[in-house]
Amino acid sequence: MRKCMAALAAFTLGFGAVGVQAAPPLTARPSGAVVQAAPVAVPDPDVQVMLVQTALSALNHANLTNDYSVLHALAAPVFQSANSPDMLAAQFAAFRTANIDLTPAVLYRPRWSQPANVESGALRLLGKIPSAPQEVLFDISYILENGRWRLAGLSVGLAAPSRAQ
């Protein structure tokens, strides 16, 4: 099983609306006038950890049950429109086939590959969970909607643990 786990590549789910833009997103007022939306701040480190652990836990539950409807429902509309529950099941089929259990990932704090940042209204969290026998690599994006961070993009993979832990 370790060989199978080591051979897994990252699985990425696209999020077309999250991209590089020169200006912040626009918001429509009821009168029809358009104004610039307030800039979105990077959440504090504890919230960042919670967001990563929540996304990995939701993905793990979906993988264990082969039911991706909750992961789909927790996501932002832009993610939902690009990824049906059936598409999510297909994207993560290799995790299920290899019996990958991401449960231990919630026991460790992420190690960030880069500082969290907000670009074009989307929060990006990039790093790894230093676990064994494999590290969990992640690249997760969120959009703040109605005061709540909602999943906008998800990429998860596995790698052999780095020597410097």
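A residue is called buried if its relative accessible area is under 20%, exposed if over 50%, and partly exposed in between (1.4 Å probe, protein chains only). The model is predicted, so local features need pLDDT of at least 70 and side-chain atom pairs pLDDT 80 or more, while totals for chains, interfaces and linings use all residues. Residues are numbered from 1 along each chain as its sequence is written, and side-chain values use heavy atoms, without hydrogens and water.

P130 counts as buried because its relative accessibility is 10%. This residue lies in the loop between β6 (122-129) and β7 (135-145); helices (H or I, at least four residues) and strands (E, at least two) are DSSP runs, numbered from the N terminus. The C-alpha atoms of P130 and R109 are 7.9 Å apart, although 21 residues separate them along the chain.

β7 and β8 form a hairpin with two residues between them. These strands run antiparallel and are joined by eleven bridges; two strands pair if DSSP finds at least two bridges between them. Within this pair, Y142 stands opposite L151 of β8. In the turn, N146 has a positive phi of about 50 degrees. Ten of the twelve residues of β8 are buried, so this strand is largely enclosed by the rest of the structure.

| Element | Residue range |
|---|---|
| α2 | residues 45-65 |
| α3 | residues 69-74 |
| β8 | residues 148-159 |
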